[in-house]
Protein chains: 2
Amino acid sequence: MAPSLYPDYPPELTTEREKYLLANLKDWSIAHGLAVRPAPSFVTQDQDPSGVLATTAPITLFPSLFPRACFEEGLAIQKAYNELYSAIARDEEWLKGIVEELVNIDDFVAKLWEIHVAVKKEGYVQELSLGLFRSDYMVHVDPSISGAPAGLKQVEFNTIASSFGGLSSQVSVLHNYLLNINAYPSSASAIIKADALPQSKSASSLAAGLASAHKAYGTSRTSYPRCVLFVVQDPERNVFDQRLLEYSLLSENGVRSFRLPFHRTLLDTKLDPDRTLIYVPPHSQTTPYEATTVYFRAGYSPDDHPRSEDWAARLQLERSRAIKCPSILTQLAGCKKIQQVLATPQSPHLKRFLPDDATASRVLRTFAPIYPLDKSNAGEEARNLATNPESANKYVLKPQREGGGNNIYRKAIPKFLKSLPESHWPAYILMEMIEPPALRNAILRNGEVQKGGVIGELGVYGVCLWKNGTGQKAGEVLENWEAGYLLRTKGDQSEEGGVAAGFGAVDSCCLVDV
Amino acid sequence: MAPSLYPDYPPELTTEREKYLLANLKDWSIAHGLAVRPAPSFVTQDQDPSGVLATTAPITLFPSLFPRACFEEGLAIQKAYNELYSAIARDEEWLKGIVEELVNIDDFVAKLWEIHVAVKKEGYVQELSLGLFRSDYMVHVDPSISGAPAGLKQVEFNTIASSFGGLSSQVSVLHNYLLNINAYPSSASAIIKADALPQSKSASSLAAGLASAHKAYGTSRTSYPRCVLFVVQDPERNVFDQRLLEYSLLSENGVRSFRLPFHRTLLDTKLDPDRTLIYVPPHSQTTPYEATTVYFRAGYSPDDHPRSEDWAARLQLERSRAIKCPSILTQLAGCKKIQQVLATPQSPHLKRFLPDDATASRVLRTFAPIYPLDKSNAGEEARNLATNPESANKYVLKPQREGGGNNIYRKAIPKFLKSLPESHWPAYILMEMIEPPALRNAILRNGEVQKGGVIGELGVYGVCLWKNGTGQKAGEVLENWEAGYLLRTKGDQSEEGGVAAGFGAVDSCCLVDV
């Protein structure tokens, strides 16, 4: 997908056509929940104290070009990724070795591990774990090889709070709608056409994942009705993304759910003596529910745990009989450190979890080389690469923690490392930069259209339900499916006045053969 | 439905329960297009120049109580009403007699009639007419009879731009959703229950009406693709109500439509020599469309016609081959004057249009007595009633024009009439006040909840497609169905600080047996 192949994409819009496209996009998005609550910089709380205003979510005007073969490969290997990460989450011994390298430098990981250890000592009463995963990729075209084919390289693997599954479904329908009402000029019709626009079924498919856990929970321990708990941040501007899953869970699966602000966990839930998780709705305290499944859309970052009660809350949920999505071990399996040890050149680990050679090598092809910054041989090599501005230019430095701050790019790496005591370096990994092809698009955000160079990140959702423990059928994977996709597009900072960097927009794929 | 039967409706909500109900209502409404663009008093144009913000439409927190028998009767007689009004619209001679009484006092009616006469002289080229009607009723309980049964009395019959068919469908789903997630306290469960909440299919059913006209249009006269035109006001805050019909038209019927701001009619449409209506989209002038059907959501009020071009625009559309929804004769059939001549005690007119006695008397039972203010015997009686403050107290004075200003109520009537020259009195009709039962509800508007006494107005939608003219099968009714319902609820001004009068909220019915 060299830009020279599609130099005119997206097509230029006349003023009248852009007006038509935007009018339809703005109305359709609100009518279909492709929305967010406005940022305080757009609407102050004083103006709308009860929070009734909403606005179109940041979205692209066009579906972004994406190589068809890469897209299909990303979807095809998701089941292998689900298998890989569920196997890691089940391998406590192996995980322990990794985590032990982190506990001294990452309080958050240390705290999570502590909770796991405490629950393990007491004994887990729930053998099932649910993962609603998202594997994120960029298209990589090696700039040093002329005419190099486009490949898919993994950016990260999310095991907790994988977001945008709700909005993503809607944006692929939106772009298809805009095509159907001829909002795109006919000059682009050879590119933007129905069979090039894959529809993401993520909202429905992720909800089906929650429903499968709810059903697999087994016999009730109480006479209460059953529910799924969405553990959420409060307030949450991205609430419609989550709501779309809730609505699908109820309308397509008949499963009730409640939103539990994480900070209210100890107020609104309690454990029965047998550790059944009881949810007592604050609006109806006389009608408690038995919670089958705890779906975390919060708790992935230290920011969610300002008080010691927040750790007690997490402990209560982990101790409970409810199926966690994710369990702490599953959450820890998503550490960047783990991505790193899998992707370190000559790593033996991938084979441990994916014994089938063909599957393992297919997954391996999506890894960009990643190095630790520790005392190992690979670590030594990494230190040399990272401290030299010349070689650092091909790399990105990433914190290992979930939600643990910003990445450091290329030439900024040596200076950044110099500012840190060397004992803290192992909290970061060094990853070869993925070199995505140059693309252009237009993004609507807060009513403004920004046009310019963009890069896209493909997220592929996966649902996996498996059995932990040592009992009968331990290790069995009960459910495993690919669950739709997300395209997240953001400014590439390639030009002044273009698309603001850092703020992503929800997008969909326009598949092209390259 | 004496209030004593349901004194505790709606149920009191604890603070926590109201919070739960509102949080769910606010999110669900945005996610499902139960929304409006905010009023300028809430969000200024400066703040949101491109119009991306939206807010929950004014809606009730609870479905309002409504007598089941009245509801069922309203739906059951809609087909008879469709038959009645399509017959009136086909009877030009009879209509002419009515209109001639109005032309000197109502410029708007005069102008519409002028256009009809001009087109008739030239000859209509389209024999089909479409009506998307709405018959509005209130429940009437005669206050002078103790224990009087509840009956349905017609407030008005809308033949143009009948609104809220989109939002109405959604609000009935919303109230059902709130029931399903136990947002209503269990103390109300004997009243608010699934089989008491009729779902309105209005969005889908009205769209099917437009599709039936589109299909009945017959052979294309051009090689252009075909479309339906929504003639709209611009800007339009109630845009989502209309969009829901557009989306249903496209997704359920495969029919393309465009929004044509009424003031752009002469810019964006033209007539072929054979008067085929060609729509030239401003965003894509090289791809014109053949318009099969013109659906007016504007043009019902003098305010839509500030310029002489606006009348030329209406003439162009009326002259065209497209099916009008409504034609000018159909629009005129909706004059309050016509409602009055049908409902004047001892009127012979109803039988003219509904020859079947049983049908006619069933319709007649929904009329509240209405008097003209003219020189007839009934008019003489009306003058006596209206100028005496004592007897005027049982009446409302309504302008005959569509969108022609506010009603005058009860004791205010004599003084108002005194302020008018007597020659202008025939522009009004005098209608016996309908005495609806006392109800209570809570309305969310602009983020504020108002609670108090309310009155509800039931609107029943109808779709009717018929053949005019003198040709083969003239007078044939091709399609005739009841198309869902609307409950519109507003403050009854019964108390200070209660629900603000004048501003309606979209509501749904909670049927009760009384």
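Here are a few questions and answers about the two chains of this predicted model.

The model is predicted, with local features needing pLDDT of at least 70, side-chain atom pairs counting only at pLDDT 80 or more, and totals for chains, interfaces and linings using all residues. Residues are numbered from 1 along each chain as written, chains are lettered from A and ligands numbered from 1 in written order, and side-chain values use heavy atoms, without hydrogens and water.

Reader: How many residues of chain A are in contact with chain B?

Author: Contact means heavy atoms within 4.5 Å. Of the interface residues of chain A, 100% are also interface residues in chain B, so the copies meet through the same surface. On the chain B side 45 residues take part, and on the chain A side the number is 45.

Reader: Nice! Which residue of chain A meets B:Arg37 in a salt bridge?

Author: A salt bridge puts a side-chain nitrogen of Lys or Arg within 4 Å of a carboxyl oxygen of Asp or Glu. The count between the chains is 4 salt bridges. In this one, the N to O distance is 2.9 Å, and the partner of B:Arg37 is A:Asp27.
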